[in-house]
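Subject: Structure handover

Hello,

Here is the structure for you to look over. My notes come after it.

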Amino acid sequence: MSKHLLGVAVIAVLVAGCGEDSHRAASPTTAKADMAAHAAEPVTFVMCGVSATDGASDLYATRDGVVIRHLISRQRLASISAREDTAVVVTAGRLGINRLTRVSVAADGAVARRTLPSDRDMTGGVRLSRDGRWLAYVTVVSGKDGALQDQAVTVRADGGGPARKSRPVHAIADLDFDVHDRLHLLTQVAGAGSRIVTAGVKDQRLRQRAYVIRYGDGGRLAMSGPGWAEVRDAKGRVLARRRGIVVNGWARSGSDVLVLRLSDGRFGFWNWKTNGLRMWPRLPCAVPYYAEQ
């Protein structure tokens, strides 16, 4: 798996704990529930690991915790980013060249796919802007001293127009757009800390190692590190913190945070104001590890 896989820490823990065959659930099938009953719910795209040997995963479309479509089967999924019932997926292709695919799910469950232009040096970490017009991903470049560094590239989501490139940094762990379509990079620094790098803004130093950043409404930031999650305000003040969950993204409503609970591999919503959890039933797949809507 790519080091930029957003759920890399999660899947490593879960796969190591259960093994490839010791906790395998029944093979998922498309739910027979009436799709019209769930049409008002936003689509949540879910990644499930199916093989610890080759890193293969499946991708599902769900509504309200019910599987409605099996979108991708047994491929090496490096990253996804979802907006408005559409996801951009990075899959590992031949010769180490990753592919970009846009997948959309309609209210009636119909699926539309489109292959997008991709950079042969893309390693993963794809993100869509809030309005879906821009696409950012991570590439590897050679620094002045010959050492490999990471660089974020932003292009139009339709593949047109020139690319915008960030300055190279040591290692990009994650990236995300805020509501103003500014791109923020989560980078790792020497020791145990991390740094959020934003063009034209002073870098924000984090004392703890973080793996995931997700920007929400009102400048709020949801983030995760090893076994913890927190929400901060626009000034960086911690509003809520909880252990045992991993941030995946903000709910479509913008109020709650979509999370994965580490103890049982279930997805659900974290109401950071009350610090309560509302979990879905466990999905019928081997190792669920990342979701977005």
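This is a predicted model: local features need pLDDT of at least 70, side-chain atom pairs count only at pLDDT 80 or more; totals for chains, interfaces and linings use all residues.

Salt bridges first. The whole structure holds 17 of them. One joins the side chains of R127 and D176, at 3.1 Å from N to O. This pair ties together distant parts of the chain. R127 sits in strand β8 (residues 122–128), and D176 sits in strand β12 (residues 172–177). The two are 49 residues apart. Both R127 and D176 are buried.

R127 and D176 also belong to a network of salt bridges.

R156 and D158 meet through their side chains, with N to O at 3.0 Å. R156 has 38% relative accessibility, so it counts as partly exposed. D158 is partly exposed too, at 40%.

The other pair is D264 and R261, whose closest N and O atoms are 2.8 Å apart. D264 is partly exposed, with a relative accessible area of 24%. R261 is partly exposed as well, at 21%. The cut-off matters here: buried means under 20%, so D264 at 24% and R261 at 21% do not count as buried.

Now the strand residue. T187 lies in strand β13 (residues 183–188). Its relative accessibility is 4%, so T187 counts as buried. What does T187 touch, leaving aside its neighbours within four places in sequence? T187 is in contact with V169, A171, I172, A173, S194, R195 and V197.

Best wishes

Methods
Residues are numbered from 1 along each chain as its sequence is written. Side-chain values use heavy atoms; hydrogens and water are left out. Helices (H or I, at least four residues) and strands (E, at least two) are DSSP runs, numbered from the N terminus. Buried means under 20% relative accessible area, exposed over 50%, partly exposed in between (1.4 Å probe, protein chains only). Contact means heavy atoms within 4.5 Å. A salt bridge is a side-chain nitrogen of Lys or Arg within 4 Å of a carboxyl oxygen of Asp or Glu.
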